[in-house]
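Good morning, colleagues. Please look at the sequence and the structure on the screen; I shall then go through several of its regions in turn.

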Amino acid sequence: MHSFKMCSEFSSEYYDVDNRRFHAEPTCCRECGPSLSLMDKDGRNIKCSDELKMTRHYIRNGRIVAVKGIGGFNLICDGHNEMAIENLRKRKQRKAKPLALMMKDVDTVKKYCTLSIKELKILTGRKKPIIILRKRNDELPYNIAFENYTLGVILPYSPLHYMLFDKDIDVIVFTSGNISSMPLEYKNYCALNNLRHMADYFLMHNRDINTSVDDSIVKVCCDKEVVIRSARGYAPVFIKLDISRGILCLGSELKNTFSISSGSYVIVSPYVGDMENVQTVERFKSVLKLISSIYNIKVNTIVYDNHPYNWGRSFEIDVSTAKNVKRVGVYHHHAHIVSCMYENHIDDKVIGVALGGTGYGDDKKIWGGEFLVCTYMNFIRAAHIKYMKMCGGDSAVKEPGRMAASFIYYLIKDGRLKYNRELIKKICGSEEKYKNIIDTDKIMLGILNDLCEQKDMGLISLKFHNTVCDFSYMICSILRKKYGINYAALSGGTFQNSILLRKVKKSLRIAIL
């Protein structure tokens, strides 16, 4: 707010202890405070007496508007207009991924979604995340979320957002204002340049944003809040931990956040993004520089993912924020399990079930899903899913169809597809015959047989989920007896799947009763 110099009338109110403005401290004078502007995609000012009224007019008429909020720009359109939503999808090249919605108030949310007491508390709390809720009906356009039975919903969290709604506008599509895989736009001139092919109009204000921050995403599973994306309202977060000062943990390649120690605390950054382009790396550096400067931290140790091609291996830190830096590599899935152990205050050995993404293992191969016997310092890889060549390498992570093609290719190559097999026998066999490799061929054959028999897709999906839950439970039970361990730590992006998390958690808890 430094650039907004107070006029004499406003200043007299602001510094008068008997004036309510002295206590509220908003700088919102029409003469000297921040102001709105409305522009078309070519950067020309729209002449009107009320920018918000005109914006609402554009929304009602199916236009797409880029709106500058607290942490950056969002692309919005009428949540009831199927054509506008389709237009937004085409322009943003977002073919199938569900779009978030901002709804006018709680009553509107209840009209379209079911709400538990826990979900209502999160929705109306001060953090204002996007919360994933179960649909109540199919009254909203199909192309918001397609086959999904859930919607990502957020309530207005700034005065500007509240004023986008009226009696004719109760739901708007509310998605991040960025080019796919690029960081969120938060500067006016950059947004005009980079979003002009997506937005018809721009509603902006002249208050600068120092650093961008995305909307957080959460959901409720097993009656607990699960944070999918930790950003505005949730991060940076401070974890009390007696640790050396100046350790920087670079985080993952995808959905990156970083952590940095400042003595008795570890500071976990807000969500940064996928570290696959120069722009996101620059955003990483910008957030790191900001946090380092605020807390006067000099980095002396960099911790990175052991993958030989991980971006962190070659990451160079600004000399102004570093001092005699040493580097330490860690195993991706061990880090997953250790974070789960620490978050749940577990100091004993655990059976770590790491499902999600890929890591580089000590056998020089890419690891997918595995079962580790872990302490904070060490681990044993006790079991894992069968190795499979990834068609297209890392691109198979984002395009699962490539992995399906790989499975089918090898099954045909082995001559196994000509046989009709039942879905699943005992994946691991009996305990006496236990092998430490989970043979996924039988799972894939079962799926293919079901597809050939034209069984219901929902049934096939449920059988697959049940199988993953069953072999997870089986292996944990075997390792429990072998190592005498009663704790299981479930970690990795796959456990953001509510069905898997609920079923595995339930079966493991029943086993110890």
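Predicted model: local features only at pLDDT ≥ 70, side-chain atom pairs only at ≥ 80, totals over all residues.

Which residues of helix H3 are buried? In this helix, residues 51-60, they are Leu52, Thr55, Arg56, Tyr58 and Ile59. Their arc around the axis is only 160°, and therefore they lie on the same side of H3.

Both ends of H3 deserve a remark. At its start, the backbone nitrogen of Leu52 has a side-chain oxygen of Asp50 within 3.1 Å. Just after the helix, Gly62 adopts a positive phi of about 80°.

I turn now to the nonpolar cores. The largest has 37 residues, and those that touch the most other members are Leu101, Met103, Val109, Cys113, Leu140, Leu151 and Phe202. Let us take Leu101 as an example. Setting aside residues up to four places away in sequence, Leu101 touches, among others, Leu140, Ile144, Leu151 and Val153. Its partners also include Val171, Ile172, Val173 and Phe174. There is a second, separate core of 33 residues, and among its members are Val353, Ala396, Ile443 and Leu508.

Is Ser216 buried or exposed? Ser216 is buried, because its relative accessible area is 0%, and the threshold for that term is under 20%. This serine sits in the loop between strand S8 (201-205) and strand S9 (217-221). A polar atom of the Ser216 side chain lies 2.8 Å from the backbone nitrogen of Ala231. Beyond its neighbours within four places in sequence, Ser216 is in contact with Pro129 and Ile130, and also with Arg229, Ser230, Ala231, Arg232 and Tyr234.

Finally, the sheet. Six strands form an open sheet of mixed pairing, in the order S11-S14-S13-S12-S15-S16. Strand S11 (237-240) and strand S16 (322-330) stand at the edges with a single partner strand each, so one side of each has no neighbour in the sheet. On average, neighbouring strands of this sheet are turned by 20° against each other, direction ignored. How many bridges join S11 to strand S14? There are 4, and S11 and S14, residues 265-268, run antiparallel. Within this pairing, Ile239 has Val266 of S14 as its bridge partner.

Thank you for your attention.

Conventions: Residues numbered from 1 in each chain as written. Heavy atoms only, no water. Helix = DSSP H or I, 4+ residues; strand = E, 2+ residues; numbered from the N terminus. Buried < 20%, exposed > 50% of the residue type's maximum accessible area, 1.4 Å probe, protein only. Polar contact = N/O pair within 3.5 Å; in protein donor to acceptor, adjacent residues only side chain to side chain. Contact = heavy atoms within 4.5 Å. Pairing = 2+ DSSP bridges. Axes fitted to C-alpha atoms, helices over the stretch in contact; angles between N-to-C directions. Core = buried A, V, L, I, M, F, W, Y, C linked by side-chain atoms within 4.5 Å. Arc of directions from axis to C-beta.
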